[in-house]
Amino acid sequence: MKINIKSVQYHVDVVGAGDPIVLLHGFTGDGTTWSETVRHISHHHKVILIDIIGHGKSDAPTNLERYDIQCAAEDLAEILNNLNIKKADFLGYSMGGRLALTFAILFPTRVNRLILESSTPGIKSEMERSERRQKDSALARRILDEGMVAFVDYWEDIPLFSSQKRLPEEVQKNIRMQRLGNSPIGLSNSLLGMGTGSQPSWWERLNAIELPVLITAGGLDRKFCLIGKDMQDHLKNAQYKEIPHCGHAIHVEDPQKFGTIIEEFLNNT
């Protein structure tokens, strides 16, 4: 379905029945990337799949201000209002995890439980945030200058996704085709408006979160393992799960294990 929020058309799919859970994909993704996870949890939950602004079948406006992560979180609140959902669980991967965490900080009464996969509260140091903004700005220009094929070729080869080269060829092909289906201006503006260098650092706000949080990271993704453990130390009610033999995208690399962990958390908290 399409939901209009402040002149931006969001693409939203709803699958299953039960307590609602919102799934938020990563950068270059869309709601279809959660297909295996949906199979695990839609038997007992109403799964809300949202294509984040600039991604998938949602609009990709040229107005950079619409991509601010706090603005995107406000859009999520309006989407829930349109669906008559007062409160939901949230599962976010990478960029989607940062957006889910932002939503939980801005709208704490609207979140039951929070699941963060390979995500971060942002960058602590302003100097490092500035450096990241410069890198994201250069990559954003590259997307527009060189086009989607050249960008996806580059993106597939960054070290963060090296473990995905072990996936079956058909799976890799499907991931590539999904990425290529995104809008160049949407991805460019997402980097500029919603990147880790642009968003606020939420590290100092983590201790105010009282709801149950599950943090997951792939054992091969050492950077996010360290971030996940650090986040657990800052949160009052958090579990940390490290999934061996996986990299950044656990739900893609080991969907069975990831789905089982998610089910257990939802059933036991």
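Leaving aside neighbours within four places in sequence, which residues is Pro212 in contact with? I get Asn112, Arg113, Leu114, Asn237, Phe265 and Thr269, with contact meaning heavy atoms within 4.5 Å.

Ground rules before going on. This is a predicted model, where local features need pLDDT of at least 70 and side-chain atom pairs count only at pLDDT 80 or more, while totals for chains, interfaces and linings use all residues. I number residues from 1 along each chain as its sequence is written, and side-chain values use heavy atoms, with hydrogens and water left out.

I found Pro212 in the loop between helix 7 (184–194) and strand 7; helices (H or I, at least four residues) and strands (E, at least two) are DSSP runs numbered from the N terminus. I also checked Phe161, 51 residues away along the chain: its C-alpha atom is separated from that of Pro212 by 29 Å. Leu114 has Pro212 among its contacts, and, with neighbours within four places in sequence set aside, the others are Phe90, Ala100, Leu101, Ala104, Leu211, Val213, Leu214 and Phe265.

**Core.** I looked up the largest nonpolar core and got 81 residues. Such a core is a set of buried Ala, Val, Leu, Ile, Met, Phe, Trp, Tyr and Cys residues joined through side-chain atoms within 4.5 Å; buried is under 20% relative accessible area, exposed over 50%, partly exposed in between (1.4 Å probe, protein chains only). Leu23, Leu24, Ile50, Ile79, Phe90, Leu114 and Val213 have the most contacts inside it.

I traced an open sheet of eight strands with mixed pairing, in the order 1-2-4-3-5-6-7-8. Two strands pair if DSSP finds at least two bridges between them. Strand 1 (2–5) and strand 8 (238–243) are the edges, each with a single partner strand, so one side of each has no neighbour in the sheet. Direction ignored, neighbouring strands are turned by 20° against each other on average. Helix 8 (residues 222–234) packs on the sheet and touches strand 6 (111–117), strand 7 (213–218) and strand 8, its direction making about 165° with that of strand 8; angles run from 0 to 180 degrees between N-to-C directions, with axes fitted to C-alpha atoms, for helices over the stretch in contact.

**Strands 1 and 2.** I see four antiparallel bridges between strand 1 and strand 2 (residues 8–15), with Ile5 partnered by Val8. The two form a hairpin with two residues between them, and Lys6 in the turn has a positive phi of about 50°. On strand 1, Ile3 and Ile5 make the covered face, Lys2 and Asn4 the uncovered one.

**Strand 4.** Is strand 4 largely enclosed or open? Five of its six residues are buried, so the rest of the structure largely encloses strand 4. Strand 3 (residues 19–24) runs parallel to strand 4 (residues 45–50), joined by six bridges, whereas strand 2 pairs with strand 4 in the antiparallel sense over four. Ile50 is the bridge partner of Leu24 and also of Val12.
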